[in-house]
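Biologist: I would like to go through this model with you and ask, for each term, what lies behind the word. Could we look at it together?

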Amino acid sequence: MSHPLRAAAFTSDAERTTWHDETLWFVRQKRDKAVYGIPEFQQLRQLASDIKEHTLSRLDEYLEQFEQNARANGVQVHWAADAEEHNRIVLDLIRKAGATSLVKSKSMLTEECHLNPYLVNNGIAVVDTDLGERIVQLREEAPSHLVLPAIHLKKEDVGETFHQHLGTPKGEKDPQALTEAARLHLREKFLIGEVAITGVNFAVAETGAVVVCTNEGNADLGVNLARVHIACMGLEKLIPRTADLGVFTRLLARSATGQPVTTYTSHFARPAAGREMHIVIVDNGRTRQLGRPDFRASLKCIRCGACMNTCPVYRRSGGHSYDFTVPGPIGAILSPNIDMRQHSSLPFASTLCGSCTDVCPVKIDIHAQLYKWRQIIAQEGELPAAKKLGMKLLSSVLARPGIYRLGGKIAREGLRFLPHGLTHAQALNPWAKARELPEAPKQSFRDWYAQQAVKQ
Ligand code: SF4
């Protein structure tokens, strides 16, 4: 199903759409306040972009350096070419540890690899411990946002979910009470978790350590209580030095939620005595993206979600309408790299206003890449038939000034005389559902211009 069709399901609830739009815009405004609070923000962005550019240009060297240092720290490093291999490695490690359950802190990579269903099908109980992730897990849904996985849900929805799964009183919607219930529920899970899986925000080549940022401290609780820690990372998470880390942590939280820094920035360098630590480094299409000059900059992404919060299409169509692990503008660039045919509608889910590029803390040229994907998708013949026909018609009109002028005249006259009920009939013109058409001008710009020229 294409993005517009999935978005139609979301926008059919107008009240929820408006609320979703306003909530994310609020986060965007918080980001703006935090950003304007530090005068050197633009320099930080440039620096972060340059560090990532440099790292990507020597990724092979930094990966080897990282592996070497991690192994020297007593960490076991595994390489996975794709999602399938990643899942197999993780399952093997869990089985070797003799475990049947695990706790997992937020990791978009494991979502990308569909690790949860794979493990559950193999008899392993998986508990997501990030509050938002746990909510969507209980509802058997995918996260709808990189940083705010349950942002599509209202507190009433969460209350009903917790009533069904955690036994909270029916109708309870007080966020404090619901958080308290989740906290008690998750504490039990932490205590019995034998294995802890975490994502990785940054992997430092010169030390072999990984850094995980959370606001709830759930990664720390999981790792410190479990016998085995498995950190799963995409190979683009590398940064060269610990000294570079501050650049990214200052940008990440401000861009994501408007906080000066994430509540917990945890460094995991080696296993505690008597325990195991594993790092699984995953490719899953990243090398292919690295080899595409027009799109390699998308690998700079630090998954802050700012491009989603600002995108007018994301805000009004919801994360699930993208049907890809990473939604929003950055997801629309990453997804065709994985499967262009399946995700061919996503680069069109944008107004190309460029707001995503403006807020991106690592200066990815997101809207330019969206435009590039559109061209490739059209060249590869992956446009839907209606769009192809529409484009053909439009190009033949635009190539013939006489027909273009005539079309403009007919539209101007038509709009003046056609009854409002017809121009705004929702079956014919869904655009006019919540908008008025502008009043048709009496003459075209071309006629007006010609008139002025004559006067002079
Ligand atoms: S593309 Fe930029 S703004 Fe979007 S999630 Fe990645 S780092 Fe953040």
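Biologist: What makes strand E5 and strand E6 a pair?

Modeller: Strands pair if DSSP finds at least two bridges between them, and strand E5 (residues 202–204) and strand E6 (residues 209–214) have 3 bridges, in the antiparallel sense. One example is Phe-202, whose bridge partner in E6 is Val-211. Residues are numbered from 1 along each chain as its sequence is written. Please keep in mind that this is a predicted model, in which local features need pLDDT of at least 70, side-chain atom pairs count only at pLDDT 80 or more, and totals for chains, interfaces and linings use all residues.

Biologist: What stands at the edges of the open sheet of 6 strands?

Modeller: That sheet has parallel pairing and the order E1-E10-E7-E4-E2-E3. Strand E1 (76–80) and strand E3 (125–128) each have a single partner strand, so one side of each is left without a neighbour in the sheet. Further inside the order, strand E2 (residues 101–104) and strand E4 (residues 195–198) pair in the parallel sense over 3 bridges, and Val-103 has Ala-196 as its bridge partner in E4.

Biologist: How do you know what length to expect for helix H18?

Modeller: The expected span is 1.5 Å times one less than the number of residues. Helix H18 (residues 366–379) has 14 residues, and its reach of 20 Å from first C-alpha to last is close to the 20 Å expected.

Biologist: Why are some residues of H18 called buried and others exposed?

Modeller: A residue is buried if 20 or more other C-beta atoms, placed from the backbone, lie within 10 Å of its own, exposed if 12 or fewer do, and partly exposed in between. By that rule Ile-366, His-367, Gln-369, Leu-370, Trp-373 and Ile-377 are buried.

Terms used: Helix = DSSP H or I, 4+ residues; strand = E, 2+ residues; numbered from the N terminus.
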